[in-house]
Amino acid sequence: MDLHTTSTTDLPATAAEILKYAGDTRIFLFYGEMGAGKTTLIKSLCAALGVKDEVTSPTFSIVNEYEGSDGPVYHFDFYRLKDHNEALDMGYEEYFYSGNYCFIEWPEKIADLVPDSYTGIRIHIIDPGSRQLTVENIS
């Protein structure tokens, strides 16, 4: 599925489309260069899931947990990971296989640890205000 956003005001509708397209999938991998809008999109996805907490990038903590209307939502940022052993040490399996939503920024840092089934979202910068999103369910 391809989506095009021209403003952050498009994001609530975009988030709803992504969640509908993903169906029962709870693992989401976000690809895009620095500044592409991964965290901004995740904020809208969290809002669609009933998260009332402030959603911020877990760059230094690696994972943030938010309370959604149907349980916890986990937000990962693996950008600063030196190697995948750090993900092993934090017990990533407990999160990824919990059945709860997991939004993962910089999944390429842990490529050998991601589950077989997920929704991948590639964000391409078109210009400062618009993005092209390619969303794909992998199983």
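In this predicted model, Cys102 is buried, with a relative accessible area of 0%. Cys46 is likewise buried, and its relative accessible area is also 0%. A disulfide is a covalent bond between the sulfur atoms of two cysteines. The sulfur of Cys46 lies 11 Å from the closest cysteine sulfur, which belongs to Cys102, and this is too far for a bond. Cys102 is accordingly in no disulfide, the nearest cysteine sulfur to its own being that of Cys46 at 11 Å. With a cut-off of 2.5 Å between sulfur atoms, the count of disulfides is zero.

The largest nonpolar core comprises 24 residues, and those with the most contacts inside it are Ile18, Phe28, Leu41, Phe103 and Ile121. At least two residues of this core come from each of helices H1 (11-22) and H2 (38-48) and from each of strands S2 (27-31), S5 (101-105), S6 (118-127) and S7 (130-138). H1 provides the largest share, five residues. A second, separate core has 19 residues, including Val63, Tyr74, Val114 and Tyr118. When residues up to four places away in sequence are not counted, Phe103 touches Phe28, Phe30, Ile42, Leu45, Cys46, Leu49, Val73, Tyr74, His75 and Phe76. Among these contacts of Phe103 are thus Cys46, whose sulfur was considered above, and Tyr74, a residue of the second core.

Two packed helices are described by the angle between their axes and the distance between the axes. For H1 and H2 the packing angle is about 70° and the axes are 8 Å apart. H1 is therefore roughly perpendicular to H2, since angles of 65 to 115 degrees fall in that class. On the H1 side the contact is formed by Leu11, Pro12, Thr14, Ala15, Ile18 and Leu19, which meet Thr40, Leu41, Ser44, Leu45 and Ala48 of H2. The residues of this contact divide into eight nonpolar and three polar, with no charged residue. Ile18 and Leu41 take part in the helix contact and are also listed among the residues with the most contacts inside the largest core.

Within H2, the buried residues are Lys38, Thr39, Leu41, Ile42, Ser44, Leu45 and Cys46. Of these, Leu41, Ser44 and Leu45 belong to the contact with H1, while Ile42, Leu45 and Cys46 are touched by Phe103. Thr39, in helix H2, is buried with a relative accessible area of 17%. Apart from neighbours within four places in sequence, Thr39 is in contact with Thr56, Ser57, His75 and Glu105. Just after H2, Gly50 adopts a positive phi of about 85°.

Most residues other than glycine have a negative phi, and most peptide bonds are trans. Ile62 has a phi near 75°, a positive value in a residue that is not glycine. Its place is in the loop between H2 and S3, where Ile62 is buried at a relative accessible area of 17%. Trp106 likewise is not a glycine and has a positive phi, of about 60°. Trp106 lies in the loop between S5 and S6 and is buried, its relative accessible area being 12%.

Asn64 is located in strand S3 (residues 63-68). This residue is buried, with a relative accessible area of 15%. With its neighbours within four places in sequence left aside, Asn64 is in contact with Thr56, Ser57, Pro58, Val73, Tyr74 and His75. Val73, Tyr74 and His75, in turn, are among the residues touched by Phe103. The C-alpha atoms of Asn64 and Ala22 are separated by 22 Å, and the two residues are 42 residues apart along the chain.

Ser130 is found in strand S7. It is buried, with a relative accessible area of 4%. Residues up to four places away in sequence not being counted, Ser130 touches His4, Thr5, Thr6, His124 and Ile125.

Key
Residues are numbered from 1 along each chain as its sequence is written. This is a predicted model: local features need pLDDT of at least 70, side-chain atom pairs count only at pLDDT 80 or more; totals for chains, interfaces and linings use all residues. Side-chain values use heavy atoms; hydrogens and water are left out. A nonpolar core is a set of buried Ala, Val, Leu, Ile, Met, Phe, Trp, Tyr and Cys residues joined through side-chain atoms within 4.5 Å. Buried means under 20% relative accessible area, exposed over 50%, partly exposed in between (1.4 Å probe, protein chains only). Helices (H or I, at least four residues) and strands (E, at least two) are DSSP runs, numbered from the N terminus. Contact means heavy atoms within 4.5 Å. Axes are lines fitted to C-alpha atoms, for helices over the stretch in contact, and angles run from 0 to 180 degrees between N-to-C directions. Angles under 35 degrees count as roughly parallel, over 145 as roughly antiparallel, 65 to 115 as roughly perpendicular and the rest as oblique. Ala, Val, Leu, Ile, Met, Phe, Trp, Tyr, Cys and Pro count as nonpolar, Asp, Glu, Lys and Arg as charged, and the others, Gly among them, as polar.
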